[in-house]
Amino acid sequence: MTADTLTDVFETHRPVLLGVAYRMLGRVADAEDVVQEAWLRWSAADRSEVREPRGYLVRVTTRLAIDRLRQVKARGETYVGPWLPEPYVTDFGDTVPDTAERAVLADTVSLAVLVVLESLSPLERAVFVLREAFGYPYAEIAAMLDRGEPAVRQLAGRARRHVEERRPRYDVDPAQRRDLTERFLAAAEEGDLEGLMSLLAPDVRLVGDSGGKSKAPLRVLETADKVGRFLLGASRKGIPDPSFRFLELNGGPALLALSGGEPDAVFQLDVLGGRIQSVHIIRNPDKLRSLASV
């Protein structure tokens, strides 16, 4: 295999590898580091023994991600305030033509699901991602993880039950979410408390992730009154030289707020029954760097 062919094969599978690593880690930079390490392993491997490059690369990437997750858990890292995954640009384009497959990929990369995945063990998370997001058969997952197939089925069942029990239920219609996001922005900019309250579910939750490095609530806010008044107060203070862009992040529409052209915050809404059920605000500057060039 020539150097050019070696690179071409890897680049063909890079989107899948990044998708696996990000769902495992919830951090774009960490996922990119893992994929880069997978490239080093691939370039040094005896490829005469590699019958199926994609399977080999997914196996290497998954194991590297498991190792990194274990390191994070072993360090017992603390985080200031609520934690949300780093925003991840998801534009499946023509690479995922099937509507059902696209919906599965979008769901397994959503903020709500990734938050739940944080509570799984590294092995449970790996099995869930490979099975639920990418549809790998149990036998292949077992081979990737050097586990018996019965053990993998057990891990998959436990992880699936855990996720199903804990993740909130939302409508996923992107057009409805985009419409409510636009109305949400307009009401906040105009200081229209009544209009904003009409969009919020009575038990709406606001989760702000700043990592202690910028202004955001250090606890989850609940109820429409508290969330609405916080949002209006924040909009009155404003940000210098503001502008806004809509992006597809984590499988759904999101609002990127910029200050002087630089990312300042990401807003993403979850919707049920035509009302906003949750507001996610990501303001940790470390998590916004990857959006600077989007």
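Start with the buried residues of α6: P122, L123, E124, R125, A126, V127, F128, V129, L130 and A133. The model is predicted, so please keep that in mind throughout. Buried here means under 20% relative accessible area. That covers 10 of the 12 residues of α6, so the helix is largely enclosed by the rest of the structure. Note that E124 and R125 are on the buried list too.

Now the geometry of α6. The helix runs over residues 122-133. From first C-alpha to last, α6 reaches 16 Å, close to the 16 Å expected at 1.5 Å a residue. After α6 comes G135, with a positive phi near 70°.

Next, the strands. Take β1, residues 200-209. Seven of its 10 residues are buried, so β1 is largely enclosed by the rest of the structure. What does β1 pair with? With β6, in the parallel sense, over six bridges. With β2, residues 221-222, in the antiparallel sense, over two bridges.

Look at L206. Its bridge partner in β6 is V279. Its bridge partner in β2 is L221. Then go to L200, which stands opposite I276 in β6.

On to β6 itself. Seven of the eight residues of β6 are buried, so this strand is also largely enclosed by the rest of the structure. β5 and β6 run antiparallel, joined by seven bridges. β5 and β6 form a hairpin with two residues between the strands. There, G273 takes a positive phi near 60°.

Last topic: empty space. Rolling a probe the size of a water molecule over the atoms shows where it is left. How many cavities of 30 Å³ or more does the count give? One. The largest cavity holds about 40 Å³ of space.

Which residues line the largest cavity? P87, L111, L249, N250, V266, Q268, H280 and I282. β5 (262-272) and β6 (275-282) each supply at least two residues of that lining. By type, the lining has five nonpolar residues, three polar and no charged.

To recap. α6 is largely enclosed, with 10 of 12 residues buried. β6 pairs with β1 in the parallel sense, and runs antiparallel to β5. β5 and β6 both contribute to the lining of the largest cavity. Over to you for comments.

Technical notes:
Residues are numbered from 1 along each chain as its sequence is written. This is a predicted model: local features need pLDDT of at least 70, side-chain atom pairs count only at pLDDT 80 or more; totals for chains, interfaces and linings use all residues. Side-chain values use heavy atoms; hydrogens and water are left out. Helices (H or I, at least four residues) and strands (E, at least two) are DSSP runs, numbered from the N terminus. The expected span of a helix is 1.5 Å times one less than its number of residues. Buried means under 20% relative accessible area, exposed over 50%, partly exposed in between (1.4 Å probe, protein chains only). On a 1 Å grid over the protein atoms alone, a cavity is a set of points where a 1.4 Å probe fits but cannot get out, and a pocket is an open set with protein on both sides within 12 Å along at least five of seven lines; lining residues have an atom within 4 Å of a point. Grid points are joined across faces, edges and corners, and a volume is the space filled by probe spheres set on the points. Ala, Val, Leu, Ile, Met, Phe, Trp, Tyr, Cys and Pro count as nonpolar, Asp, Glu, Lys and Arg as charged, and the others, Gly among them, as polar. Two strands pair if DSSP finds at least two bridges between them.
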